[in-house]
Amino acid sequence: MSKYVIGVDYGTLSGRAVLVDAKTGREMASSVYEYPHGVMDECLPDGTPLGSDWALEHPQDYLDVLSHTIPDVLKKSGISADDVIGIGTDFTACTLIPVKNDGTPLCFLPEYEHEPHAYVKLWKHHAAQDKANKLNEIAAARGEKWLNNYGGKISSEWAIPKIWQVLDEKPEIYDAADKFIEAADWIIWQLCGRETRNSCTAGYKEIWNKTEGYPSKDFFAALDKRLENVVEDKLGTVITPLGSKAGEITEEAAALTGLKKGTAVAVGNVDAHVCVPAVGIDGPGKLLAIIGTSTCHILMGEEEKQVPGMCGVVADGVMPGYYGYEAGQSCVGDHFAWFIDNCLPKEYYDEAQKQGVNIHKYLRSKAEKQKPGESGLLALDWWNGNRSVLVDVDLTGMILGMTLRTKPEEIYRALIEATAFGTREIVENFRRNGVPVNEFYASGGISQKDPMTMQIYADVLGMPVKIAGSEQGPALGSAIFAAVAAGSEKGGWDDVFDAARTMGSIKNIVYEPIKENSEIYDKLFAEYETLQDYFGRGENDVMKRLKALKISQKNKS
């Protein structure tokens, strides 16, 4: 009799579950739940205002994903919970929650519900940039060798700057929090009643190393004397490798989800990293871009190389036996949505409605008629800062070449091209530093729905682009790890590589680069690099000066 596993993928705006056959990877049912609170970047639910560059979420939304999507996939598929042998989850990261010793988030407590620092700090919370800057300055001055494992800079999106911000701005909240924990690990705690810390978030987001552990107490004390014991006091030193079983569904979690008590629970994972086995990747040199609101680039290598501007390199950080490399772009789907939400004339919406298509499809139908370079436009993809290779959230977006004849579809295409140029910069940066990139895979909603964008990526990269077989790549990846946590005796797998080769898949379609397009994009990419270096490497810091002026003026109002 067939056995099944469930993967739950927690994204920026929603959570989604997929129920799959534990042996074949065949998807039986899926379900999506939109977070009721969404991303809180202006105010808390009670109206408490937030500062510039804040991005918070409410952990109740994460529990609601479990109580809605898991019963839904069981109902849709008609499969009994008795035949579900495991569940795995993944999360955006670093997504950090201050909690009490029993796992209760501070924002659940009445005395803290009006305090912004008591809520979840989402991955794109950038209000700790001053702390990241200071951390990088101190680490460089001290000659901390681990810094180069993160491309030479720790991002404000990572854990330590966020924790330091809480300590500096609201020390009473820092003191009230018995622990700071990744949402990826917190949700596992809610499922199996046991706290675990996974090696993926610890390695990439919390400066932990499999061989060396965390940075020294002396380093943390150099940041702030109150942080000297932050690891022991607030994080914990027991790190669990990916592919492990975290525990089993508790009675409380069974009531929440409809799963059976005792069902295996996989150790937590990160949404991008967990997607690698979902496309069947089982070795080095194969880069996967998970393209959504942002893009994360995941690559495995056989050697540890220190690559400037990458997000990190972690031993066993993606799959056992390889060094996992991460890079990323902070603004991709968000980029396109911003343009559509703010910059289109009414007649475009009217025409889309007349044709019976959504506005994205209508705009693409106009943009795809353009030839590369035809618009005379070139954009930088920094609307939400730059994650790789500059690692600077204070950089902002730019479009060059606008005239009175410029059309909305030309701007839209230029923004898409900018994200492709940003990805090419990441690929070439890896290659320059001795990390091979021989194949390119794409997952995420844009890869599934937008052939024009995928063709542009192929043309810009000069490489074939292979597309994930599942529309729910991270959720499928989490399901694969769930099958490994359950083990072969229960009907799952004992090895994640064997599971990936069978349960993972790619589509038959491959986007091949078009030679004449690639030749034009080579010229445009050269100009992109010129602009990147001019605005992003200190020659002209006008973007930062403008941002500082904006913040100072807003603070006066």
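Helix axes here are lines fitted to C-alpha atoms over the stretch in contact, and angles run from 0 to 180 degrees between N-to-C directions. In this predicted model, the axes of helix α13 (residues 408-432) and helix α18 (residues 515-536) come within 10 Å and cross at roughly 80°. Helix α13 also crosses helix α12 (residues 359-367), at roughly 90°.

**Contact of α13 with α18**

- Angles of 65 to 115 degrees count as roughly perpendicular, so the crossing at roughly 80° makes α13 roughly perpendicular to α18.
- On the α13 side, the contact is formed by Arg413, Glu417, Ala418, Phe421, Gly422, Arg424, Glu425, Glu428 and Arg432.
- These residues meet Tyr521, Asp522, Leu524, Phe525, Tyr528, Glu529 and Gln532 of α18.
- By class, the residues of the contact of α13 with α18 are 6 nonpolar, 2 polar and 8 charged.

**Contact of α12 with α13**

- The axes of α12 and α13 come within 9 Å, and their crossing at roughly 90° means that α12 is roughly perpendicular to α13.
- Helix α12 contributes His360, Leu363, Arg364, Lys366 and Ala367, while α13 contributes Glu409, Tyr412 and Arg413.
- Residues in the contact of α12 with α13 divide into 3 nonpolar, 1 polar and 4 charged.
- Arg413 of α13 takes part in the contact with α12 and in the contact with α18.

**Largest pocket**

- The largest pocket holds about 1,300 Å³ of space.
- It is lined by 46 residues, of which Ile291, Gly292, Thr293, Gly445 and Ile446 are the closest to its centre.
- Strands that give two or more residues to the lining of the largest pocket are β2 (14-21), β3 (27-34), β12 (286-291) and β13 (295-301).
- Helices that do so are α10 (333-342), α12, α14 (445-449) and α16 (473-486).
- Helix α10 provides the largest share of this lining, with 6 residues.
- The lining of the largest pocket has 16 nonpolar, 17 polar and 13 charged residues.

**Second largest pocket**

- The volume of the second largest pocket is about 810 Å³.
- Its lining has 25 residues, and Asp41, Asp53, Trp54, Trp383 and Asn384 are the closest to the centre.
- Helices α10 and α19 (542-556) each supply at least two residues of the lining of the second largest pocket.
- The lining of the second largest pocket divides into 10 nonpolar, 7 polar and 8 charged residues.

Notes: Residues are numbered from 1 along each chain as its sequence is written. This is a predicted model: local features need pLDDT of at least 70, side-chain atom pairs count only at pLDDT 80 or more; totals for chains, interfaces and linings use all residues. Side-chain values use heavy atoms; hydrogens and water are left out. Helices (H or I, at least four residues) and strands (E, at least two) are DSSP runs, numbered from the N terminus. Angles under 35 degrees count as roughly parallel, over 145 as roughly antiparallel, 65 to 115 as roughly perpendicular and the rest as oblique. Contact means heavy atoms within 4.5 Å. Ala, Val, Leu, Ile, Met, Phe, Trp, Tyr, Cys and Pro count as nonpolar, Asp, Glu, Lys and Arg as charged, and the others, Gly among them, as polar. On a 1 Å grid over the protein atoms alone, a cavity is a set of points where a 1.4 Å probe fits but cannot get out, and a pocket is an open set with protein on both sides within 12 Å along at least five of seven lines; lining residues have an atom within 4 Å of a point. Grid points are joined across faces, edges and corners, and a volume is the space filled by probe spheres set on the points.
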